[in-house]
Amino acid sequence: MSGLPRQFWWLWTSTLVNRLGGFVATFLALYLTAQRGYSPSYAGLVAALYGLGGAGGAVLGGVLADRIGRRITLLTAQVGAAAATAVLGLVTAPLAVAAVAALLGLVGNASRPALSAMISDLVPPEDRVRAFSLNYWAINIGFGVSAAVAGFVAAEGYLWLFLGDAVTTLLCALVVFAKVRETLPNDVPSAAPSTAPRAAPHATSGAAPGRRAARTAAAGKRDPRTTTGPARPITLADVARDRRFMAVVGLTFLVGAVMQQGSSTLAVDMGADGYSARQYGLVIALNGLVIVLLQIPLTRALRSRSAAGLLATGSLLMAWGFGATAFAGSVAVYALTVVIWTVGEIVHAPASMSVVADLAPASARGRYQGMFSLSWSAAAFAGPLAGGVTLDHLGRGAVWWGCAAVGTLAGAGYYGLLRTRTSPLLAEVPAPAAPLAAQTPTPVAPTGNDLDPV
């Protein structure tokens with residue numbers, strides 16, 4: 001835990017405070033079916049609208065983080081999320097519930113790209129896996145506590161869940177307001193070549209392209225292989241044309257759709273089997289508990305592994321952990337399946353966040369993180385909707401075996417896409433999306449390691 005900037009730890013603290021009260025997303029499906037009497041399909045629809053709002057929030061938050069700043073975007077999103085959470089606990093009409101859930105997804109998810117961009121700004125590349133692991137650890141400390149406590153709070157009334165979530169989100173905003181400074185770089189040109197940014201080559205031989213770009217820049221010339229016109233600001237369209245990055249986004253969407261079943265379909269499935277909100281809360285709390293116990297030692301043990309191996313292994317563990325739920329007939333078996341897919345989550349999450357941070361140029365980190373968050377938000381829309389409809393019409397077996405198939409496909413995709421990345425994640429240097437001359441703010445003499453693309 002040593003050697004990370006002080007401001008990172010304030011961001012870590014704000015994340016922990018926020019997640020300690022993160023009751024609503026976990027218990028929303030159970031609240032709608034058990035408390036309000038709605039069908040699993042309607043609960044899936046509301047969760048899907050929450051995810052749809054989050055998809056818009058991811059893109060909006062990413063753009064605003066690059067335009068107006070990380071800090072103001074984070075503050076605005078957190079205050080808006082606190083207000084929307086409180087309102088969601090008070091409304092009862094079906095249309096109102098659906099509309100407020102979508103709004104909560106929008107403002108709540110707008111903070112994610114800004115937070116990830118701040119961590120990328122503050123932490124050097126060699127420490128990013130460690131930093132993202134620690135932040136993910138804070139998320140799951142909070143999640144484990146909140147999931148266990150929420151079952152008991154719900155027994156006294158679901159409204160307290162919504163109000164408690166709103167209060168902790170507001171406290172998170174206060175920590176950011178008091179202790180966090182703006183990190184948006186001022187000395188890095190927010191520009192890209194007039195053609196779309198290219199993904200870094202899979203392998204190099206002879207003189208690396210980066211050396212040629214540096215020599216050309218030193219001579220005051222333009223490298224014709226990397227730019228054909230004047231520089232211009234990086235846009236979302238440029239990010240979308242980064243094919244390797246967008247492939248990572250697509251595979252993450254598949255994994256995210258599987259992961260969403262833990263907070264939507266799993267709750268409904270256990271409720272249909274006669275288990276209470278308290279029992280579901282204790283089972284799903286194992287997710288946070290296992291991450292708290294194993295995140296740091298597993299990250300340390302696996303730090304020399306390749307991105308391909310980490311992401312493929314994590315996806316397969318998640319796939320077959322959820323697939324094993326088809327055999328669950330007791331609380332103990334449900335708990336065992338949660339432990340399996342949680343280990344996969346531990347392996348997958350920091351590796352995926354570090355890969356995205358490495359692929360993004362400094363001036364466009366908000367947009368890249370926003371597009372990456374979009375994959376999770378789109379999964380939060382599609383996953384619960386598909387899970388609810390499948391559970392209603394095809395039965396629980398189809399849901400869990402489908403998770404196994406989709407997760408296996410994603411794992412194979414990660415391995416095929418990233419298997420040429422032979423360097424360990426902790427040793428990787430970010431691959432710039434713009435010419436290196438535009439990425440280097442100071443005229444220092446580069447070394448070979450600085451210039452070789454990943």
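**Entry 1: whole chain**

I started with contacts: of those in the protein with a separation of 6 or more, 87% are between residues 24 or more positions apart. For contact I took heavy atoms within 4.5 Å. This is a predicted model, and local features need pLDDT of at least 70, side-chain atom pairs count only at pLDDT 80 or more, while totals for chains, interfaces and linings use all residues. Residues are numbered from 1 along each chain as its sequence is written, and side-chain values use heavy atoms, with hydrogens and water left out.

Next came burial: 52% of the 454 residues count as buried. Here buried is under 20% relative accessible area, exposed is over 50%, and partly exposed is in between (1.4 Å probe, protein chains only). The protein's accessible surface is about 18100 Å², and carbon and sulfur atoms hold 66% of that. I noted that these areas come from the Shrake-Rupley method with a 1.4 Å probe, and for residues only the protein chains shown count as cover.

**Entry 2: α8 and Thr 169**

I picked Thr 169, which is in helix α8 (residues 159–179). Thr 169 has a relative accessible area of 5%, so I logged it as buried. Leaving out neighbours within four places in sequence, I found Thr 169 in contact with Asn 18, Gln 78, Ala 81 and Ala 82.

The other buried residues I wrote down for α8 include Leu 161, Phe 162, Asp 165 and Cys 172. I checked the length too: α8 has 21 residues and reaches 31 Å from first C-alpha to last, close to the expected 30 Å at 1.5 Å a residue. The expected span is 1.5 Å times one less than the number of residues.

**Entry 3: α5 and α6**

I looked at helix α5 (residues 94–109) and helix α6 (residues 111–122), whose axes come within 5 Å and cross at roughly 15°. That makes α5 roughly parallel to α6. The classes are: under 35 degrees roughly parallel, over 145 roughly antiparallel, 65 to 115 roughly perpendicular, and the rest oblique. Axes are lines fitted to C-alpha atoms, for helices over the stretch in contact, and angles run from 0 to 180 degrees between N-to-C directions.

At this contact, Val 107, Gly 108 and Asn 109 of α5 meet Ser 111, Arg 112 and Pro 113 of α6.

**Entry 4: α16 and α17**

Helix α16 (residues 365–393) packs on helix α17 (residues 396–418) at about 140°, and I have the axes 7 Å apart. I logged α16 as oblique to α17 because of that angle. From α16, Gly 387, Thr 390 and Leu 391 meet Arg 396, Ala 398 and Val 399 in α17.

α17 has 23 residues and should span 33 Å at 1.5 Å a residue, which agrees with the 33 Å between its end C-alpha atoms. Among the buried residues of α17 I listed Val 399, Trp 400, Cys 403 and Tyr 414. The buried residues of α17 pack against α11 (243–259), α12 (265–272), α14 (307–323), α15 (331–359) and α16.

**Entry 5: Met 246**

Last, I went to Met 246 in helix α11. Met 246 has a relative accessible area of 24%, so it goes down as partly exposed. Not counting residues up to four places away in sequence, Met 246 touches Val 239, Ala 240 and Met 371. I also noted that the C-alpha atoms of Met 246 and Phe 372 are separated by 8.4 Å, with the two residues 126 apart along the chain.

Technical notes:
Helices (H or I, at least four residues) and strands (E, at least two) are DSSP runs, numbered from the N terminus.
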